[in-house]
Amino acid sequence: MRFIYILIFVVCFTFEGYAQQVKILNTLTEEPIKDVTVHNTGKTKSAVTDENGDVNLDLFSNTETLYFQHLSHVLKTMTKLEIDNSNLIYLDANTQGLEE
């Protein structure tokens, strides 16, 4: 029985230490979005996507609210726990003001 508790403890901390790399994509085009800023509520931690839309979220806790922000896209908020197994996050383009 003790072995089972130790095994559960090890498995839980193994997943907690798992690096979380995500890719940010445009909802319509599915193209990667570079220079998306990801920050927490207090803006004490931040990260930026690279040219492939990839960003590492390791510095954020699983329950922190994350803000995905880009000039030409609508702000998206979520926690790391809300990110599905695909590790893909889609942002909607901000088309406001583009009408002629």
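A salt bridge here is a side-chain nitrogen of Lys or Arg within 4 Å of a carboxyl oxygen of Asp or Glu. By that rule, this predicted model holds 2 salt bridges. Here's a quick tour of those pairs and of the strands around them.

**The open sheet**
- 4 strands make up an open sheet, in the order S3-S2-S5-S6, with antiparallel pairing.
- At the edges sit strand S3 (46–48) and strand S6 (73–78), each pairing on one side only.
- From one strand to the next, the twist averages 15 degrees.
- Strand S5 (residues 66–70) is joined to S6 by 4 bridges, and Phe-68 stands opposite Lys-76 in S6.

**Strand S1 and its partners**
- Strand S1 (residues 21–26) runs antiparallel to strand S4 (residues 54–56), with 3 bridges joining them.
- S1 also pairs with strand S7 (residues 88–91), this time in the parallel sense over 4 bridges.

**Salt bridge one: Asp-54 and Lys-23**
- Lys-23 stands opposite Asp-54 in S4, and the two form a salt bridge whose closest N and O atoms are 3.1 Å apart.
- This pair links distant parts of the chain, 31 residues apart.
- Asp-54 counts as buried because its relative accessible area is 19%, and buried means under 20%.
- Lys-23 is partly exposed, at 25% relative accessibility.

**Salt bridge two: Glu-64 and Lys-45**
- The side chains of Glu-64 and Lys-45 meet at 3.1 Å, N to O.
- Glu-64 lies in the loop between S4 and S5, while Lys-45 is in the loop between strand S2 (37–40) and S3, 19 residues apart.
- Glu-64 is buried at 15% relative accessible area, whereas Lys-45 is partly exposed at 27%.

How values were computed:
Residues numbered from 1 in each chain as written. Predicted model: local features only at pLDDT ≥ 70, side-chain atom pairs only at ≥ 80, totals over all residues. Heavy atoms only, no water. Pairing = 2+ DSSP bridges. Helix = DSSP H or I, 4+ residues; strand = E, 2+ residues; numbered from the N terminus. Axes fitted to C-alpha atoms, helices over the stretch in contact; angles between N-to-C directions. Buried < 20%, exposed > 50% of the residue type's maximum accessible area, 1.4 Å probe, protein only.
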